[in-house]
Amino acid sequence: MSDPSLDADLGSVIGAEIRRLRDAAGLSTRELAAAAGMSQPFLSQIERGASAPSMASVYRLARALGVRPGDLLPAVGADEVDVVRAGEGRRIPVAERDDAALGRALLLRESSALEVVEYAFGPDEYIAEWFESPGESGLYLVSGRLEVDVLGAGTHALEPGDFIRFPAGARDRWRLVGEERVVALFVTSVPRPR
């Protein structure tokens, strides 16, 4: 389900950029609408943010303006991009024990609806806690072998390259299989208040 306020904000930003580019090109709304194969009243609604263009309309308008479709969409700010280098990221123990495995937070940002933690552990590190995430989550096994118990849904053996998804509220725990170190990426969506 889409958020009407987000859609309205996005429509206003796209509309303003179309109007800016149209003015820079010296085109009237009638000329741009004709070049994009749409009605002039609909283009006026888009420019005012009263209507959001479909992707097909964005492509037609971009072609008529001589720009890429992405040029009509809002730019991503530098503060919205996260880069975590190897060896960086806050260390998070999986349990309150001295032998607990540590996760490395790759993305734990209050403004993000996504969290990503890398786990790397061996047979001498504790990992067998039951976890429960408020949002949908998944585990991608990079290396090693794991068994994942999902309460009510059985045990699942994972090999490198395997992925398992959990619905919101599912309880799961992991067990290392063999002596090889495990590297796994755990991703979860976090419901954020609006």
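Two strands pair if DSSP finds at least two bridges between them; strands themselves (E, at least two residues) are DSSP runs numbered from the N terminus. We're working on a predicted model, where local features need pLDDT of at least 70, side-chain atom pairs count only at pLDDT 80 or more, and totals for chains, interfaces and linings use all residues. Residues are numbered from 1 along each chain as its sequence is written, and side-chain values use heavy atoms, with hydrogens and water left out.

**Exercise 1.** Find how many bridges join strand E6 to strand E9, and which residue in E9 partners Val148.

*Solution.* Start with the ranges: E6 covers residues 146-150 and E9 covers residues 171-176. Next, count: five bridges join these antiparallel strands. Finally, pick out Val148, and you land on Trp174 as its bridge partner in E9.

**Exercise 2.** Work out the strand order of the open four-stranded sheet and name its edge strands.

*Solution.* Read across the sheet: the order is E4-E9-E6-E7, with antiparallel pairing. Now check the ends: E4 (131-132) and E7 (154-158) each pair on one side only, making them the edge strands.

**Exercise 3.** Decide whether Val142 is buried or exposed, or something in between.

*Solution.* First, locate Val142: this residue sits in strand E5 (residues 137-143). Then recall the cut-offs: buried means under 20% relative accessible area, exposed over 50%, and partly exposed in between (1.4 Å probe, protein chains only). Val142 has 41% relative accessibility, so the label is partly exposed.
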